[in-house]
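Biologist: I would like to learn how to read the features of a fold from its coordinates. Could we go through one case together?

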Amino acid sequence: ESDDSPMSVKAALQLINRKNAIVLDVREESEFKTGHILNAKNIPLDSLKERIGELERNRNQPIIVMCRSGARSSMACSRLGKLGFPDVHLLLGGMMAWQKSTMPVKK
């Protein structure tokens, strides 16, 4: 049962800690380098189709998708859903929300 309703930073953190969720950052590589969530996987939205194989082994783990503010990640979520990924979540507010909540950022 895929629940693609947007997830708060706090809920995302719980999913990462409790269920070993994968964080998929769909921003461009240059944006990713300016700061990202620890252990996040960077596959820019435009490359998602070609690089979907990189997520294959994480298919049954929860995947939290994020971008800068939420627009690209919502497109990525629907693509992953169409490709049969069962447990995809959108990080509400993206990186901006993550930084606002003073969560650690890796550069």
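**Reading the fold**

Modeller: The secondary structure of the protein chain amounts to 5 helices and 4 strands, where helices (H or I, at least four residues) and strands (E, at least two) are DSSP runs numbered from the N terminus. This is a predicted model, in which local features need pLDDT of at least 70, side-chain atom pairs count only at pLDDT 80 or more, and totals for chains, interfaces and linings use all residues. Residues are numbered from 1 along each chain as its sequence is written, and side-chain values use heavy atoms, with hydrogens and water left out.

Biologist: In what order do the elements of the protein chain run from the N terminus on?

Modeller: The order is α-β-α-β-α-β-α-β-α.

Biologist: What radius of gyration does the protein chain have, and what would a compact globule have?

Modeller: The radius is taken over C-alpha atoms, and the globule rule is 2.2 Å times the number of residues to the power 0.38. With 107 residues the rule gives a value near 13 Å, and the protein chain has 12 Å, which agrees. The C-alpha trace spans about 35 × 30 × 20 Å along its principal axes.

Biologist: How much of the protein chain is buried?

Modeller: Buried means under 20% relative accessible area, exposed over 50%, and partly exposed in between (1.4 Å probe, protein chains only). Buried residues make up 41% of the 107 residues. The protein chain exposes about 6100 Å², and carbon and sulfur atoms supply 52% of it; these areas come from the Shrake-Rupley method with a 1.4 Å probe, and for residues only the protein chains shown count as cover.

Biologist: What share of the contacts comes from residues 24 or more positions apart?

Modeller: A contact means heavy atoms within 4.5 Å. Among contacts with a separation of 6 or more, residues 24 or more positions apart account for 67%.

Biologist: How are strands put together into a sheet?

Modeller: Strands of a sheet pair through backbone hydrogen bonds, either parallel or antiparallel. Two strands are taken to pair if DSSP finds at least two bridges between them. Here an open sheet of 4 strands has the order β2-β1-β3-β4, with parallel pairing. β2 and β4 stand at the edges with a single partner strand each, so one side of each is left without a neighbour in the sheet.

Biologist: How many bridges join β1 to β3?

Modeller: Strand β1 (residues 22–25) pairs with β3 (residues 63–66) over 4 bridges, while β1 and β2 (residues 41–42) share 2 bridges. β3 and β4 (residues 88–90) pair over 3 bridges. Val65 in turn has Leu90 as its bridge partner in β4.

Biologist: Which way do the side chains of β1 point?

Modeller: In a regular strand the side chains alternate between the two faces of the sheet. From β1, Ile22 and Leu24 point one way and Val23 and Asp25 the other way, and all are buried. In β3, Ile63 and Val65 point one way, Ile64 and Met66 the other, and all are buried as well.

Biologist: Where does Gly35 lie?

Modeller: Gly35 is in the loop between α2 (29–33) and β2, and counts as buried because its relative accessibility is 3%. Gly35 and Lys106 are 71 residues apart in sequence and 5.3 Å apart in space, C-alpha to C-alpha. Leaving aside neighbours within four places, Gly35 is in contact with Arg27, Met95, Val105, Lys106 and Lys107.

Biologist: Which residues are in contact with Asn58?

Modeller: Apart from neighbours within four places in sequence, they are Ile22 and Ile63. Asn58 is found in the loop between α3 (48–51) and β3, and is buried at a relative accessible area of 7%.
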